[in-house]
Amino acid sequence: MSRYDEEAKYDRPKRRTRPRTKDRPTYDDAVTGFVITRDRGRYTCWVGEKDRVVTAMKARQLGRKGVIVGDLVKLDGDASGDEGTLARIVEVLPRKTLLRRSADDDDPVERPLVANADQLVIVVSVANPEPRTRLIDRFLVAAYDAGMRPLLCLTKTDLADPDGLLSIYRPLGVESVATHQGGDLSELAEQLRGRTSMMVGHSGVGKSTLVNALVPGTNRAIGVVNDNTGRGRHTSTSALLLRLPDGGWIVDTPGIRSFGLAHVQPDQLINAFGDLADETRDCPRGCTHSETEPSCALDTAVAEGRVDAERVASFRRLLASREGRDLETT
């Protein structure tokens, strides 16, 4: 008889897999951390209840969900913070605010920068390099869109008078502080106390110098301004969230030379100005509230003296910045 019987039937071995379940881990023992920086897929988190720093990686179940500086996260696994340990980020808690930008005004891809920040500190040098009002306007638009409080921090005020620059932003009600190298930073420190603030500005304006003075021992690299181009060199290479001695946090970021606003819509921007938003209720449908709209209710409100003409002009300058037209300021 043949070794192999043609009529013999062989059953396929059964798969020994565990049955699927809809139950998901609850992570009841997970601790809450605060992401302070990211480097090549590793996240450094501060665990306040334990006052320690923990290194973590993103858990697989989060999929493509991004984790950024400022996020409040749930940490599972070894969250002792001991050398060589690695925890897992298993959940990202809801964000109070989210500052975003796009590469340019035609790029639909949003790039999140920082989460849960209360304040956007726009660092501007009044000289060397010269202030770039168009970029300042874009920072303001992003702050209003994110629901963050903007603060102008003027540096190098010993080199030039800041009043001309401040006059452009007074109609918008933007608060400001003036500083210079080696000067008193108590006014700025008071504005930062108890808040989570993000510092932005193009290279060479003195962000890292301020951070080193506000948080002793930080030793962020300081660059110089190129005499030929008037531009600074990027010294900060990654966003870093630092604890302030008197309470609060500050995020130092790499210098930014462009700031796209493709994600901001005109209606989102007008809502940041309550007095102007009230007037636009009488605007025709689809009105963008720009200076080219023939029937915008803002023009009527200005003519009848209900709103300040300079404030409307300042708002429209921001709107033009969002639309990529970047009107020149005077």
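Author: Helices (H or I, at least four residues) and strands (E, at least two) are DSSP runs, numbered from the N terminus. This is a predicted model, in which local features need pLDDT of at least 70, side-chain atom pairs count only at pLDDT 80 or more, and totals for chains, interfaces and linings use all residues. Residues are numbered from 1 along each chain as its sequence is written, and side-chain values use heavy atoms, with hydrogens and water left out.

Reader: Where does Cys296 lie?

Author: Cys296 is in the loop between α6 and α7. Cys283 belongs to the loop between α6 (274-279) and α7 (297-303).

Reader: Is Cys296 buried or exposed?

Author: Buried means under 20% relative accessible area, exposed over 50%, partly exposed in between (1.4 Å probe, protein chains only). Cys296 counts as buried because its relative accessibility is 2%. Cys283, with a relative accessible area of 14%, is also buried.

Reader: Which residues is Cys296 in contact with, leaving aside its neighbours within four places in sequence?

Author: Contact means heavy atoms within 4.5 Å. With those neighbours left aside, Cys296 is in contact with Cys283, Cys287, His289 and Arg316.

Reader: At which residues does UniProt place the feature "binding site"?

Author: UniProt positions are given in the numbering used here, feature names are shortened, and annotations may be inferred rather than shown by experiment. The unreviewed UniProt entry places "binding site" at Cys283, Cys287, His289 and Cys296.
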